[in-house]
Amino acid sequence: MYKICVIALVGLIMSGCSARIEQTAGNGIAVDGYSVMTDAQRWNEARLLQFHQQWQGTPYRLGGLTKKGLDCSGLVYVAYQDLVGPSIPRTVQGQTSLGIRIAKSDLQSGDLVFFKTTGSGRHVGVYLSGNRFLHVSTKKGVIISSMDNVYWKPRYWFASRI
């Protein structure tokens, strides 16, 4: 009797989930004719640059998450939530556990880049092409910097891909 109930329940659930899903051009998907963006399409360089334009110059503020000010992990948190949707950890420490670690030579737009700024200080940003990254500077606010910059280059720690 138990087996029959389980089979009936599975059949009922599957019949209710009969949305038609198909792959579309550009690695997107269509569900019942509606175009749906994948996470990779949401978290790409073009959208990150649009996000930068909206937030450019927003000042650094420890613990902040608004246009009045935000810190480095707050920027990554807000960008991911705005562009992809689901929440990620709020702190640099929490964000270091995301995704898989990748070699610096394998960096792609959207990868998280981490830096050791002081003995215990850490900094995070989002990698962009051309060896640049989006982050929050304590002096200039939300900016794009070069990873070859004399300050950032020796402080590079590791990168991860979510």
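Start by selecting Tyr 151: it is partly exposed, with a relative accessible area of 35%. On the scale used here, buried means under 20% relative accessible area, exposed means over 50%, and partly exposed is in between (1.4 Å probe, protein chains only). Before you go on, keep in mind that this is a predicted model, where local features need pLDDT of at least 70, side-chain atom pairs count only at pLDDT 80 or more, and totals for chains, interfaces and linings use all residues. Residues are numbered from 1 along each chain as its sequence is written, and side-chain values use heavy atoms, with hydrogens and water left out.

**The rings around Tyr 151**

Trp 152 is buried, at a relative accessible area of 10%. How do the rings of Tyr 151 and Trp 152 meet? Their centres are 4.8 Å apart and their planes stand at 90°, so the pair is edge-to-face. The rule: rings of Phe, Tyr and Trp (its six-membered ring) pair if their centres lie within 6.5 Å; planes under 30 degrees apart are stacked, over 60 edge-to-face, and the rest tilted. That rule gives nine aromatic pairs.

Now widen the selection to Phe 115, Phe 133 and Tyr 156: ring pairs link these with Tyr 151 and Trp 152 into a cluster. Arg 155 lies over the face of Tyr 151, 3.9 Å from the ring centre, and Lys 104 lies over the face of Tyr 156, at 4.5 Å from the ring centre. To count as over a ring, NZ of Lys or CZ of Arg has to be within 6 Å of the ring centre and within 35 degrees of the ring normal.

**Out to the sheet**

Switch to cartoon view. The chain has five helices and eleven strands, taken as DSSP runs (helices H or I, at least four residues; strands E, at least two) and numbered from the N terminus. Strands count as paired if DSSP finds at least two bridges between them.

Select strand 11 (residues 156–161) next.

Then move across to strand 9 (residues 132–137), which pairs with strand 10 over six antiparallel bridges. There, Val 136 has Val 142 in strand 10 as its bridge partner. While you have side chains on display, remember that in a regular strand they alternate between the two faces of the sheet.

**Salt bridges to finish**

How many salt bridges are there? The count is three, taking a side-chain nitrogen of Lys or Arg within 4 Å of a carboxyl oxygen of Asp or Glu.

- Select Glu 45 and Arg 132: their side chains meet at 2.9 Å, N to O. Glu 45 is in helix 3 and Arg 132 in strand 9, 87 residues apart. Glu 45 counts as buried at 16% relative accessibility, while Arg 132 is partly exposed at 27%.
- Go to Asp 71 and Arg 90, where the salt bridge is 3.1 Å, N to O. Asp 71 is buried at 7% relative accessibility; Arg 90 is partly exposed at 22%.
- End at Arg 161 and Asp 111, whose closest N and O atoms are 2.8 Å apart. Arg 161 lies in strand 11 and Asp 111 in the loop between strand 6 and strand 7, so the pair ties together parts that are 50 residues apart in sequence. Asp 111 is buried, with a relative accessible area of 2%.
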